[in-house]
Amino acid sequence: MKILLFITCLFASAIKAQEPAQLLAGTAKVEITPAADQAVNLVGQPLQLRDPLFARVLVLKTPQTSMAIVSVDLIVFASKKVIDEAKAKYGLDHLILCATHTHAAPAPRGMIIKPPAAPDWTRSPKAPAEVIDWPGLSADPWYAAIEAKVIAAIGQATQNLFLARLAAGKGPFESAFMAHNRRLVRAGIVGAMWENPDRRPTKPVDPTVGVIRVEDMTGKPRALAVQYACHPVTLMGAGVVSRDYPGAMVDHIEQELGPDCMAMLLQGASGDLDPYDLHNLRGGNRFNIAKQAGISLAKGALQIVQNLKAQSASAIQVKESLLTIPNRHGNLSTEVGLLTMAIGRELALVAIPGEPFIQHQLDLTAQSPIANTFILGLAYHGKGTPFVVYIPTAQAVKEGGYGATECSFLAPDAGEKMVNEAVARLQDLASPPKASK
């Protein structure tokens with residue numbers, strides 16, 4: 001009788017182990033637009049309010065692990081305060097704070113560049129962690145209010161949990177608006193091709209868009225995250241607060257899929273990629289082009305999504321790494337945190353707190369054991385330095401130019417080390433568990 005009971009329990013445990021993990025998801029968004037008298041850009045110039053800015057939260061939870069992914073309409077958003085408080089208040093295991101990287105967003109006072117009193121920290125050979133007082137950014141009342149709003153929105157998302165299914169995929173994306181590689185290398189000389197109105201072919205680029213759809217058990221879409229690599233700079237210098245193309249993208253998706261579906265952009269490895277148009281645009285056409293760029297990206301994502309079939313998700317697995325990478329000059333080094341997440345073999349995310357060149361995204365995709373592997377650039381998970389500016393390839397450092405030898409301070413092989421670490425962790429996560437003896 002005891003033997004029969006043991007076999008029955010063993011069989012039940014085996015069946016339970018084969019059952020898909022129960023996935024819960026929750027969403028929330030909150031407006032973070034500053035007051036008119038608080039909106040200034042990185043060089044301290046006042047900005048006129050045009051678009052509302054938002055923070056968007058997607059919480060994914062299984063019985064074993066919970067994760068919050070936050071997308072914020074700022075150039076960069078790396079607040080350890082938000083991560084620590086959200087974990088403590090809501091019991092979350094992991095958080096990723098992503099920035100859409102819109103260059104038409106205001107900056108907190110602690111980041112403002114006003115030489116010589118506040119030199120250009122983005123071009124400094126020193127690490128931003130040495131130059132920027134990241135916790136001190138909360139001294140700006142507007143920025144402190146953003147932190148509080150984001151923490152509250154994360155809490156709201158954890159209260160809005162529903163049984164969910166997930167679908168992930170990627171597909172080709174061609175657009176008349178973006179993106180081209182802005183590094184122009186000719187005969188050993190590197191120039192910056194900030195705009196490309198003639199749509200000349202450039203390389204490398206990644207002509208794909210990634211999508212993550214979260215739906216409830218009735219099949220109703222509740223969240224659609226779009227991963228794409230391209231600098232949102234069309235409205236940079238236009239003197240306005242705007243979400244640029246990411247705003248037009250999420251607005252179009254939510255219009256198409258309904259008010260119960262929250263859209264969000266997850267910026268990819270956009271370090272050397274720009275939209276085709278920039279300085280050649282004038283007047284209202286500048287705003288129209290940014291809008292059309294976002295709509296084209298939304299349409300591309302929606303086309304891919306319609307061919308995906310959602311599945312009950314496998315377990316969420318997460319690895320957090322801390323790499324010690326030498327700085328390019330001097331004897332100092334920088335701790336760079338990477339977060340690697342896998343949901344079964346359907347989806348993988350790699351969060352990097354900087355702006356990787358697109359070749360790193362192509363290399364990671366080629367080497368990853370998980371087909372839908374997406375780099376999240378400008379993504380901070382609470383460990384290591386909050387932001388490491390550009391992450392070029394070693395070849396780009398040899399060639400020089402903006403983003404390679406300017407606005408970049410890590411050793412030339414830093415990006416390669418990050419990709420190798422991510423691939424190793426993904427191989428661990430994708431491997432079937434070893435049978436216990």
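## Two helices crossing

In this predicted model, helix 5 passes helix 6 in a right-handed crossing. Helix 5 covers residues 244–257 and helix 6 covers residues 284–305; they pack at an angle of about 50 degrees, and their axes sit 7 Å apart. Angles from 65 to 115 degrees would count as roughly perpendicular and those under 35 as roughly parallel, so the two helices are called oblique to each other.

Who meets whom here? On the helix 5 side, the residues include Y245, M249 and I253, and on the helix 6 side they include A290, G294 and L297.

## Nonpolar cores

L297 turns up again in the largest nonpolar core, which has 55 residues. Along with Y228 and M418, L297 touches the most other members. Leaving out neighbours within four places in sequence, M418 is in contact with L323, I325, V336, L338, I352, I391 and L410. Another core lies apart from that one: it has 48 residues, and A78, V82, I113 and A153 are among them.

## Strand 19 and its partner

Now take a look at strand 19, residues 373–376. T373 and I375 point one way, F374 and L376 point the other way, and all are buried. Strand 19 pairs with strand 17 (residues 347–351) in the parallel sense, over four bridges. In one of them, T373 is the bridge partner of A348.

## A threonine in a loop

Is T385 buried or exposed? T385 lies in the loop between strand 20 and strand 21, and with a relative accessible area of 6%, T385 is buried. Not counting residues up to four places away in sequence, T385 touches A129, T334, E335, P353 and Y380.

Technical notes. Residues numbered from 1 in each chain as written. Predicted model: local features only at pLDDT ≥ 70, side-chain atom pairs only at ≥ 80, totals over all residues. Heavy atoms only, no water. Buried < 20%, exposed > 50% of the residue type's maximum accessible area, 1.4 Å probe, protein only. Contact = heavy atoms within 4.5 Å. Pairing = 2+ DSSP bridges. Core = buried A, V, L, I, M, F, W, Y, C linked by side-chain atoms within 4.5 Å. Axes fitted to C-alpha atoms, helices over the stretch in contact; angles between N-to-C directions. Parallel < 35°, antiparallel > 145°, perpendicular 65-115°, else oblique. Left-handed = near helix turned anticlockwise from the far one by under 90°.
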